[in-house]
Amino acid sequence: MPGDWPAMAMDPLTYWATAVDASTADRDSMWQAARRDDVEWQLALLQSLPDYHRYDPESARRRLKAVLERNPYGEVAALAQVRLADLASRKACQSQVAELQRRLSDVIAIERRLDDNGR
């Protein structure tokens, strides 16, 4: 993929598949092209990729919601809805992990107190 590739020429699903499989350098080229062409949905998709250094789930969420508000139909909207659902799922999972870590810390603290009292 050349550094100045035609981001607008791809349909949304092809763009997404390309972004998912792209190297960091290629994603950076995609980012620059999307910024240059002011294609908000492409920027949002790139920001929604957790293994990309520009990953920003909150910004991606805002952008994806804005895309849906402007045009709630079509391939871009469907892809935006899927990405929003995935971001929500990831956020819920992270919250559950944090809660489980907190509970585990509580159990460890109780065990330590019991060990200290038993000596």
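Colleague: Is D86 buried or exposed, or something in between?
Modeller: D86 counts as partly exposed because its relative accessibility is 24%; buried means under 20% relative accessible area, exposed over 50%, and partly exposed in between, with a 1.4 Å probe and protein chains only. This is a predicted model, where local features need pLDDT of at least 70 and side-chain atom pairs count only at pLDDT 80 or more, while totals for chains, interfaces and linings use all residues. Residues are numbered from 1 along each chain as its sequence is written, and side-chain values use heavy atoms, with hydrogens and water left out.

Colleague: What does the side chain of D86 meet?
Modeller: The side chain of R90, in a salt bridge with an N to O distance of 3.1 Å. The term needs a side-chain nitrogen of Lys or Arg within 4 Å of a carboxyl oxygen of Asp or Glu.

Colleague: Why are D86 and R90 separated by about one helical turn?
Modeller: Because they are 4 residues apart in helix α5. Helices here are DSSP runs (H or I, at least four residues; strands are E, at least two), numbered from the N terminus. R90 is also partly exposed, since its relative accessibility is 35%.

Colleague: How many salt bridges in the whole structure?
Modeller: The search finds 11. Another of them joins E99 and R102, at 2.6 Å from N to O. These two are 3 residues apart in helix α5, so about one helical turn separates them.

Colleague: And which residue forms a salt bridge with E99 at 3.1 Å?
Modeller: R103, taking the closest N and O atoms. R103 and E99 lie 4 residues apart in helix α5, about one turn of the helix. Salt bridges with shared partners join E99, R102, R103 and D106 into one network.

Colleague: Changing topic. How many aromatic pairs are there?
Modeller: The structure holds 1. Y15 and W41 sit edge-to-face, 5.4 Å centre to centre with 70° between the planes. Rings of Phe, Tyr and Trp (its six-membered ring) pair if their centres lie within 6.5 Å; planes under 30 degrees apart are stacked, over 60 edge-to-face, the rest tilted.

Colleague: Where are Y15 and W41 in the chain?
Modeller: Y15 is in helix α1 (residues 12–21) and W41 in helix α3 (residues 40–47), 26 residues apart, so the pair links distant parts of the chain. Y15 and W41 are both buried.

Colleague: What about nonpolar surface? Which residues form a patch?
Modeller: L104, V107 and I108, with about 240 Å² of accessible area together. V107 is in helix α5 (residues 74–117) and is partly exposed at 41% relative accessibility. Patch residues have over 30% relative accessible area and no salt bridge; like charges are joined within 9 Å, and nonpolar side chains (Val, Leu, Ile, Met, Phe, Trp, Tyr) within 5 Å. Areas come from the Shrake-Rupley method with a 1.4 Å probe, and for residues only the protein chains shown count as cover.

Colleague: What is the confidence like, and where is it lowest?
Modeller: The chain averages a pLDDT of 88, and 91% of the residues score at least 70; pLDDT is the predictor's confidence in each residue, from 0 to 100. It is lowest in α5, at a mean of 89, and highest in α3, at 96.
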